[in-house]
Amino acid sequence: MSEYRVHWLVQELITALGVTSSAEEFVESLHINSSDTVSGSVLQSNLRQVSQRSPNPDAFISKYEELKSKQISSLPHIIALLYQITQDKKLKDYLYRKAVSSGRSESASSLSTPKVLSDSRTVSSHVDGQNLPEIVTRVKKAASVSKRSSQRYKDLERKIRHPSYQAPVVPDWGKLRPHMGLDFGIEVLSPRPLQDVPMYSQETKLMEDLLYVLSGLEGEYIVPHPPLEPNQLRTFAVSEGVDPSLRQLVEKILPLASYYSIIVRFIEEKSSYHHGQVNQSLAGAMNLLIHEYKVFLAQLEMHIRHENVNLQSIRFYSQPTLRTMEILANIAITINKAGAQGGKVLSLLHEQTVSAGDPKVRKLCMHLTQAASVPYMEILQKWIYIGVIQDPYEEFLVEDNELIQREDRPANYSDDYWAKCYIICRDRVPIFLEKISDVILRTGKYLNVIRQCGRNVKSPQSQELKYTIAESEYVEAIEQAYCFASQTLLDLLIKEYDLMGRLRSVKHYFLHDQGDFIVQLMDMCEGELSKNINDIVPHRLESLLELALRTSTANSDPYKDDMRAELLPFDLVHQMFKIHGIQNQELSESCSPDKLTGLESFSFGYEVRWPVSLVLNYNTKACYQMIFRHLFYCKHVERLLCRVWLSNKVCKMFPVSSSQSYRPAFILRQRMLNCVQNLQYYMMVEVIEPNWHNFLEKINKVTNVDQVLACHSDFLSSCIKDCMLTNPGLLKMVNVLIGVCVSFCRFFENAQKYFVDAELNSMIAPSDAESDVSEAAPSIECSTSALGENFEDSIRNFDEQFSAALISLLNKIDELAMEDNNEKMLNVLYRMDFNSYYTSFLVPSVGGSSQTDQTGVSHTSG
């Protein structure tokens, strides 16, 4: 900064403070102490001196440490400045006198000798040539309280909805020069006395003064008082010595000037761009009425010049205008107090219009509401007829939350589009559009989707919307636009983009509708999926999936190329617990990638493009994946049990005495297989197919896309709920039951080689029964030593675990079915307990008493 600039700023500071000293000595001091850094030793010395003079040294040090932790770079300079203030007695005395003269007792106490150090926030930086302009600005702001800052208005005017929109810059002269406005000035004046003037002359002077006051100018004998609050009506002071009768007449006319004052303040304020188009239109309509008011004043002035009127006649002629100005002032005050903008302004105007009993008042309010609603209705027309929002000041009831450009939109865009891209802001909805706000939202959304598909769409029945008290006029036009948009988008989705074909394709794969494809896929991929998830090669899995698609009936599906194989990093139970927000340490450890197999993490992915992704979005695909994973794993367990059945056929070669020991295992295998098959049958035949049939019936009756989304969501919700996936406790029981079956299958898989040895022994000496028995026994002993326990004990243990898990599951199903009145879920109970075998074990559990010994199930299950 140049020396001349520093000298000029110092002089400005001295002038603002009222100091008589010359600027040269301060400039010299600034050059001497212009160092931008403060050494550590100097800082500690200054801090120690300042804290000692503080009335509460501990609080001062604590405040210093707090500011230091916030890494305030100017903190050392603040301490240095505080130290300089404490050392300069003249400066302290002057600041104290200045504060007392300004009536700031709190500031005076903080700047006195003992308390100048109590709050370091009183100074923001050190005094040097670099930050001197900032100090000058702050001192000038404190010296001129009535001066308004123009930067705030600039920032508000630049705060617009879209960055590409450039708001015009409003000159600052209207705020920096209040006398150029339409309202009274800010000076506080006293009226001239009239006690020595005759009564007739008093009336003449008061009438002339009234013309000035009614025009927003200060008079000689009638002067305005500044309002105490922004939304308060202005009061006036009438000269002393005025005849009481004349004073009374003048005071009855002066409310007209009060109304004029607040109206023109409202017009000047709301004409700014940042207050929105609705307020601008309302201010424009009020300005036209102010022009009529000024015509009335011109006529009144002509009569006064010709001496055709007196105060009484002026009061009489001003009555109609007084009523009009009162209504305008009340509207202005109401809007200012509410801080209303956009739709809220229209709601307030509508309420004023509806509640008006006088036809003239209603006509006036109707005129203002229609004028203010013009830009709002234009935004509404573009939304319901084109699907575009042009709302730079956030006034419209629909808010556009789209953050990416259309050309940058990915192919799988809008998982949350329908719910979050366009939303209704309830505080912007006018009262007269409240009932059809949802219709307005859907209409524009439908047209917007059509436009994003590359279609040029425009409603053939578009018409200009205009506010009226009779809502039927614009409501009918909005409903017609809604019918056109909904039918157009529905036809586009169903006919051109084949939505139902897509949904049938998803059902084929995710809901196991293509049985041969699932079998083909498991035959090809089961070996790969049996590995740990970290050992699976994704490309190989994709190749096997494509091969299964090409070699099954799925080859005729036109959308088979959209199928993808996915390996999720968690199992189904952990996924459902995570959705429900349930924390389980055991599950978190069990679902780590190091312990997950491909069978537990495998799922299908499905690629869809806009606008089908509105229906098949991320959430719906996740629901399909959960159902698929449940069915897929149950199918895998069924195949494992079938393999156990095949391996058990070797026992037919054993003698009767040897095969008797395998009978409990065969019975348990059949019970497990029956349980898993009935569970699959229930989910596929009694849950998915009836719900799909109901979905098809509903989808044929829909009239808009929202109903399509609702029907599809209901279908998935019903399937997930009836498949016992929404209840964490029930799902965990099913998982435990299936886990017992898998453990049983693995046990037999490990014992398979001993069956082979026994078969070979029986083939070598088939005629010698004793030899068979003697050879079978070593095989069993080998399995015992290999598996760590006796074969019969292992089977008995599996039987007890399976029976306990099954009875717990049936009890839970019975309990939930009674609570939710869900008869469909009882079908699982009836199918698994088809011969009422488990009934005796279910009744005690339902009644709340402790269960009987469940080992009896295994003893009598044969």
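Which residue stands opposite glycine 605 in strand 6? Select arginine 564: that is the residue facing glycine 605. Before going further, note that this is a predicted model, where local features need pLDDT of at least 70 and side-chain atom pairs count only at pLDDT 80 or more, while totals for chains, interfaces and linings use all residues. Numbering runs from 1 along each chain as its sequence is written, and side-chain values use heavy atoms, with hydrogens and water left out.

**Stop 1: the strand pair**

Now select residues 563–567, strand 5, together with strand 6; the two pair in the antiparallel sense over five bridges. (Strands are DSSP runs of E, at least two residues, and helices are runs of H or I, at least four residues, both numbered from the N terminus; two strands pair if DSSP finds at least two bridges between them.)

Stay on strand 6, residues 602–606, where five of the five residues are buried. Buried means under 20% relative accessible area, exposed over 50%, and partly exposed in between, with a 1.4 Å probe and protein chains only. Phe602, Phe604 and Tyr606 sit on one side, Ser603 and Gly605 on the other, and both faces are covered.

**Stop 2**

Rings of Phe, Tyr and Trp (its six-membered ring) pair if their centres lie within 6.5 Å; planes under 30 degrees apart count as stacked, over 60 as edge-to-face and the rest as tilted.

**Stop 3**

The structure holds 23 aromatic pairs. For one of them, pick tryptophan 383 and tyrosine 422: the ring centres are 5.1 Å apart and the planes at 55°, so this pair is tilted. Tryptophan 383 is in helix 18 (residues 359–385) and tyrosine 422 in strand 4 (residues 422–424), so the pair ties together parts 39 residues apart in sequence. Tryptophan 383 is buried at 0% relative accessibility, and tyrosine 422 is buried at 3%.

Phenylalanine 432 is in the loop between strand 4 and helix 20, tyrosine 474 in helix 21, 42 residues apart.

**Stop 3: a loop asparagine**

Finish at asparagine 617, in the loop between strand 6 and helix 28. Its side chain reaches the backbone oxygen of leucine 614 at 3.3 Å.

Technical notes
A polar contact is a pair of N or O atoms within 3.5 Å; within protein, one must be able to donate a hydrogen and the other to accept it, and residues adjacent in sequence count only if both atoms are side-chain atoms.
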